[in-house]
Amino acid sequence: MHIFIDLWWFFKQERLKYGFGILFLMLSSFLSMIPPYVVGVLVDSIRTRSLTPYGLGMWILFLIFIGIIYYFTGYIWRQCIFGSSIILAYQLRKSLYKHFTRLSPNFFQKRRIGDLMAHSTNDVNAVQVAAGEGILTLIDSVTMGGMVIVTMSVFINWKLTLITLLPMPIMAVLTMYYGNLLHKRFSKAQAAFSDLNDKVQENISGVRVIKAFGEEEAQIKLFRNASKDVVQKNIAVAKIDSLFDPTITFIVAICYFLALIFGATYVVHGSMTIGSLTSFTLYLGQLIWPMLAFGFLFNIVERGSASYDRIRRLLAIKPEIVDQPNASDQVPSGSLDYSIHHFQYPGSQASVLSEINFTVAQGQTLGIVGKTGAGKTTLLRLLLREFDLKDGQIKIGGTSIRDVTLNALRSAIGYVPQDHILFSATIAENIAFAKPEASQEEVERVAKLASIHEDILRFKEGYGTIVGERGVTLSGGQKQRISIARALLADPELLIFDDSLSAVDARTEVAILQALKTERKNKTTLISAHRLSAVEHADLIIVLEAGQIAERGTHEQLLKKKGWYAEMYAHQQLESLVSEGGGKA
Amino acid sequence: MNEELNQESHSGRQVIWRLLSYLKFFKKKTLIAFIVLLTATGADVLGPIVMKIFIDDYLTPRFFPVRPLMLLAAAFIGLYAVSALFNYYQVISFQRIALNIVQMIRVEVFSKVQHLGLRFFDQTPGGSLVSRITNDTETIKDLYVTVLSTIVNSTVMMIGIFTGMFFLDMRLAFICLLLMPFLLVLMWVYRKLSSKIYRVTRVKLSQLNAKLNESLQGMSMIQAMRQEKRLRNEFGHINSEHKMALLQSVRLNSLMLRSAVYSVYLIGLMMILSFFGIQSFDHVVKIGVLYAFINYLDRFFDPINQIMQQLTIFQQAMVSAERVFGLLDDHRTAPVQEGNLNAAVREGRIEFKDVTFSYDGQTDVLKHISFTANPGETVALVGHTGSGKSSIINLLMRFYPIERGGIYIDGEPLTAFSDQELRRRIGLVLQDSFMFVGNVADNIRLSHHQITDEQVKAAAEFVQADQFINKLPHQYHEPVGERGATFSSGQRQLLSFARTMAQNPKILVLDEATASVDTETEEAIQEALSKMRRGRTTIAIAHRLSTIQDADQILVLHRGEIVERGTHQELLKKGGLYYKMYQLQHGKTGDKVSSAH
């Protein structure tokens, strides 16, 4: 039950709603005691033929009155209690989202997105159920159950109540036992279903091999068996699930039977009227729900607690990268200065970068080249403070990037990542992502700079074309150029291209580089690339090899060195010739 | 808008009929279950009548003979025992039928997907396909198991209760029938209103999830561009809309579900009480009948509540069913044998005659491809990414239909071969060595049980996979996990070679892996490949030109056309595209090329 204590803050926040909700819930339980009583009174007066038209009319009016009040109390408590539980879910989602926006990249690398999604949907739902249905079943089973029993024993006959209720605990025990069994079998059925899912997943991913080897029929057979297994596990569930209703009906029937047999004796002895006996059996019917609710309550609370614990653990995770206590708000500007002694990713032993020292003056362009895995991306991500350096410094204009706030640092930097993340929005909105207030002219200007304007106009909706998961599919090159335009619009002090020209053809690359040159005069640009043509014009090129600077210099200097760079350059020249169809040599 | 809704309900009716049509496979079982259900309901309905007899014939006149009373008591307990037992059996039977129907639908969808062509797979994201086969059919299961069985059960129960009422008192039963219009209107209005709100809630939920998913994926970008606050607001907006939709559905449910049904119950109660009350002004009333009626009324509303609560599941299931049937009706099936010539692959001569091909019907990826591979020869395909190499293989494997030109094996058109013959005689080795969950031997043998353990071992030895297999703790029984992740890519390649060799094909189609493997395995792979090619007609895609220097014919492809053809030496002499490519792979200068002469 500790979920109710854990959620106390919320009950306190919504105390009015919960207060009224519980009050009206209890009121409506009380109101539902009345019709059976009226039935009892009327049955007696009908039997003794003492009922008058006036009396009947009054009782009917009374019932109508009760009905109307009951309807409204029912409406109010449902609104209050279920409404609040929805608000709880809303708040939890909101805080989770807010929390996600604060967490560091390392967190998102370690956790699977599917899991985070599950926490934000399934777990939040389970907590919502605990705060809604959980409260309902708790209050209902306690107050309604209590009230019915009290009414039965005080107003009708306590001895009869006791006798009649004897089988009820058996029902509670049995249903709880079924509940446990059901839970176990249900997990097995779930597991079988997830196996089936895996089977299908495998089948779809291996479709070529399956077709090549003519395995279709064999796969269908396997699937049929897996699916049969699911059916069998589900039937095992059904076998338990179907026990609830008959068990309840039968035990309730025994209760009725006892009530009737013993009630009849009391009626014969004159200590009870037939009317009260009728009311009594009606009350008996009203006891079924509280009994069941009690069983549900445990289930709901158990699931809610587990989910809420997971949510709390998630919310308790602290972001790894935070502002220093005295960090300055001033957006840094000036020359870029790397002096990394050593860097490794948190939790890993392998050294990723070591002895990286260089300076890029303001307005210059730095080129970073090297094999995949040489450390190019890491070098750039350190500047974004996606990870913090323990052994070294990166300075902008003489100030360490750790001495300014994350906000100030990020204002200074524009970033075009390797994998292009576009959002489900229009192209214009995607380009204006960092500057939502940008005008259409500004958006088009940077689109032209990034050589994507013409492509965009070719879409039917132009700049209003929706992209992303549920929109138009763009080619890799188009995505790259849109994210370049996006970074250019922010017009940052420092612009980072993390291998972001890989999917554009050579001619477009030249155009973009040319545009960059004029556009970013006096501003620093960092370009990492596989294709050396992208860095040819850089003021400084560094060649990374296994996390160290193997060569450095300008394009001409590096060519003269006849090292990796020169070799690679010749190779790529030839490669481009081949891809152009042999150059008709 | 209205038209749209009408159309929807129209197709909805078709979907329901199609779903129900599966019942015809379970006629007998359904009939038995139905009879059991009727018996159980009968017993349920008789219970209050027994009580009525007790009250009117014995309790009111204070007449208590032992034997008849004992009999009555036994009848009462007996009836409920029968009801409990039969109801249990009935529910299980219906669930069993429902689950078996879902099983049928599932197998049907899966089989359908197996026979769809690769064109379909190119155009459909794998994730949504998986979800169609499993999740959507699972929702149909909910429809069958909960909704349909609830509706059948509840309807029969309601009819039973009315029958009991008519038996007890015709006039009052007619009066009680007056409640039905109230209930039907209530249900109809609720269904109308809830379907709209429900749809909005679903849309908002999927927007909420999409936004969250997208944000989680793009968080690095959001943070780098300092848009956290804006995105928080955007998410907050959707979150709040979702909340509003949910609150609306709570409001609707509070207005129209249990509370409203309870009001109708009270109306019924008042009708019964007034009926007997008015009668009592000038007659003696049978209290037992009154008791039985009140009892019936009490039970009557349980089925109503249950039906109303299932209505939303019903809506979701219809959407799923529609999607599943859409997939079942898809026309993009795989190309199959035409006619019943049952041609056989004898020698393995392959001929492409002026083949032009396009995936999308717009851009041709292959243009006028013609070549012949004589029995036992190796034809190598080289060229850049997108030059059309893979498309040639896809057509030869009959993964896609040939529309222009023709492909012939031993002089017979490709369409004349049965699937079985084609798959058995042509061994394909793909770049991506796909592994199935199971063990090593399973992965070599696949479903061909006629392949003995010895043949599996022989195949593994032939490609030298036995060396690493023998080092595994369980050797040929070593478990293979999802996608074979516990094996190195080189090992996976060798296993897929063994898989092909176990079939002993006449024709070999190789798609060489681009990914580099460790040198040791690399050597084994190259050796295995050249051994496999011996005596087999081979079509090979080569990325490393060094591996195909001994090919009988090399076709150089560029943008869907064969631009050069000949042997390695001939092509080098030509000094064209192939020569350039060779230079590219073999080092810095031209020295090496000349030494290769």
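With 20 C-beta neighbours inside 10 Å, V50(B) counts as buried; a residue is buried if 20 or more other C-beta atoms lie within 10 Å of its own, exposed if 12 or fewer, and partly exposed in between, with C-beta atoms placed from the backbone. The model is a predicted one, in which local features need pLDDT of at least 70, side-chain atom pairs count only at pLDDT 80 or more, and totals for chains, interfaces and linings use all residues. Residues are numbered from 1 along each chain as its sequence is written, while chains are lettered from A and ligands numbered from 1 in the order in which they are written.

V50(B) sits in helix α2 (residues 27-59) of chain B; helices (H or I, at least four residues) and strands (E, at least two) are DSSP runs, numbered from the N terminus. Leaving out residues up to four places away in sequence, V50(B) touches L72(B), A75(B), F76(B) and L79(B), where contact means C-beta atoms, placed from the backbone, within 7 Å. Take F76(B): 26 residues separate it from V50(B) in sequence, yet the C-alpha atoms of the two are 6.4 Å apart in space.

Next come the record's annotations. An unreviewed UniProt entry marks residues 31-55, 67-89, 143-166, 172-190 and 260-278 of chain B as "transmembrane region"; UniProt positions are in the numbering used here, feature names are shortened, and annotations may be inferred rather than shown by experiment. In the model, residues 67-89 of chain B are 100% helix and 0% strand, with end C-alpha atoms 32 Å apart. Residues 172-190 of chain B come out at 95% helix and 0% strand, and the end C-alpha atoms there lie 28 Å apart.

For chain A, the unreviewed UniProt entry gives "transmembrane region" at residues 20-39, 51-70, 135-156, 162-179, 248-268 and 280-301. Residues 20-39 of chain A are 90% helix and 0% strand, and 30 Å lies between the end C-alpha atoms. Residues 51-70 of chain A are also 90% helix and 0% strand, with 26 Å from end to end, C-alpha to C-alpha. UniProt (unreviewed entry) also places the feature "domain: ABC transmembrane type-1" at residues 20-303 of chain A. That span is 92% helix and 0% strand, and its end C-alpha atoms lie 26 Å apart.

Two helices of chain A, α4 (residues 34-47) and α5 (residues 53-102), pack at an angle of about 170 degrees with axes 11 Å apart; axes are lines fitted to C-alpha atoms, for helices over the stretch in contact, and angles run from 0 to 180 degrees between N-to-C directions. α4(A) and α5(A) are therefore roughly antiparallel to each other (angles under 35 degrees count as roughly parallel, over 145 as roughly antiparallel, 65 to 115 as roughly perpendicular and the rest as oblique). On the α4(A) side the contact uses I34(A), P35(A), V38(A), L42(A) and S45(A), and on the α5(A) side G55(A), W59(A), F62(A), L63(A) and I66(A). By class, that makes 8 nonpolar, 2 polar and no charged residues; Ala, Val, Leu, Ile, Met, Phe, Trp, Tyr, Cys and Pro count as nonpolar, Asp, Glu, Lys and Arg as charged, and the others, Gly among them, as polar.

Between the chains, the contact takes 104 residues from chain B and 108 residues from chain A. Helix α3 (residues 66-114) of chain B gives the most to the chain B side, with 20 residues. That side of chain B has 55 nonpolar, 33 polar and 16 charged residues.

Helix α7 (residues 179-217) of chain B has 39 residues that should span 57 Å at 1.5 Å a residue, and its end C-alpha atoms are 55 Å apart, which agrees; the expected span is 1.5 Å times one less than the number of residues. Buried in α7(B) are L183(B), S194(B), L208(B), L212(B), E214(B) and S215(B). The buried residues of α7(B) pack against α5 and α7 (113-165) of chain A, together with α8, α9, α10 (258-280) and α11 (287-328) of chain B.

Finally, some backbone angles. Most residues other than glycine have a negative phi. D499(A), however, has a positive phi near 50 degrees, and it lies in the loop between β7 (494-498) and α19 (506-519) of chain A. With 23 C-beta neighbours inside 10 Å, D499(A) is buried. R226(B), in the loop between α8 (219-224) and α9 (228-256) of chain B, has a positive phi near 55 degrees and is partly exposed, with 17 other C-beta atoms within 10 Å.

Conventions. Two residues are in contact if their C-beta atoms, placed from the backbone, lie within 7 Å.
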